[in-house]
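Look at the protein shown below and follow its chain from one end to the other. The report after it begins with contacts along the chain and then turns to the sheet and the helices beside it.

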Amino acid sequence: MHKNFDLNRLNVKAFAREKISLEGSQDLSQFARLLDLEAKLGPASQEELPISTQVSWAIQGELVPVSGGGEQIWLHLKAELHLPMQCQRCMGAVRVLVSSDQSFRFVADEATAEAEDEASEEDLLVLTPELNVWELIEDELIMSAPIVPKHDVCPTLVPMSAVDDAFEDALDARPNPFAALAQLKKKPN
Ligand SMILES: [Zn+2]
């Protein structure tokens, strides 16, 4: 059995060395910044949406041997939740699936992170003796949340001014028959 790891102050190096996987769920109320993205719902909406929302998460540590010696420290992170947000089309409540699946490689210092960042698909983080995994999960979910949340299909009748842009563009592109007639009349015979 491995010793208990504190996700507020995780020793990533030891976590990776022991190849530990942890998963669980945490109430949304534990994530203050994520909670700010949540729609401020009226009483009617709260009946439609559950008040308590859980963030599911999983982390896995890994040491990757490097050719020529040494090892890289990796942390794989998955997290998701159904976040109640406000639809920007009908202003009603919409449950948005926000999920993140990201791998992090830990490097010695900021200079190395900057130097290797462009060539790396994974995110680079500077190794610290105490990593706050909750903050990392929260950062990732905030970055994955939609900037303009919308229903796929709004449940309420949408006012005409908010009709789908593509539909309006199609209308605009249609030639006006009277304008076409005026053009014809201007043409010298
Ligand atoms: Zn909507």
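## Contacts and overall make-up

Among the contacts in the protein between residues at least 6 apart in sequence, 68% join residues that are at least 24 apart. The model discussed here is a predicted one, and buried residues make up 17% of its 189 residues.

The protein has seven helices and five strands, and, when these are read along the sequence, they follow the pattern α-β-α-α-β-β-β-α-β-α-α-α.

## The sheet

The five strands form an open sheet in the order β1-β2-β3-β4-β5, and the pairing within this sheet is mixed. Because β1 (21-27) and β5 (123-126) stand at the edges, each with a single partner strand, one side of each is left without a neighbour in the sheet. On average, and with direction ignored, neighbouring strands of this sheet are turned by 30° against each other.

## Strand β4 and its two partners

On one side, β3 and β4 pair in the antiparallel sense over 14 bridges, and within this pairing L77 stands opposite Q102 in β4. The hairpin of β3 and β4 has six residues between the strands, and there M91 takes a positive phi near 65°.

Strand β4, which covers residues 93-107, is also joined to β5 by four bridges, and these two strands run parallel. Which residue of β5 is the bridge partner of F104? The partner is D123, while F106 stands opposite L125, which also belongs to β5.

## Helices beside the strands

Helix α4, made of residues 110-117, lies across β4 and β5, and its direction is at about 170° to β5.

Which residues of α5 are buried? They are V133, L136, I137, E138, E140 and L141, and what covers these buried residues includes helix α2 (32-35) together with the strands β2 (54-65), β3 (71-86) and β4.

Conventions: Residues are numbered from 1 along each chain as its sequence is written. This is a predicted model: local features need pLDDT of at least 70, side-chain atom pairs count only at pLDDT 80 or more; totals for chains, interfaces and linings use all residues. A residue is buried if 20 or more other C-beta atoms lie within 10 Å of its own, exposed if 12 or fewer, and partly exposed in between; C-beta atoms are placed from the backbone. Two residues are in contact if their C-beta atoms, placed from the backbone, lie within 7 Å. Two strands pair if DSSP finds at least two bridges between them. Axes are lines fitted to C-alpha atoms, for helices over the stretch in contact, and angles run from 0 to 180 degrees between N-to-C directions.
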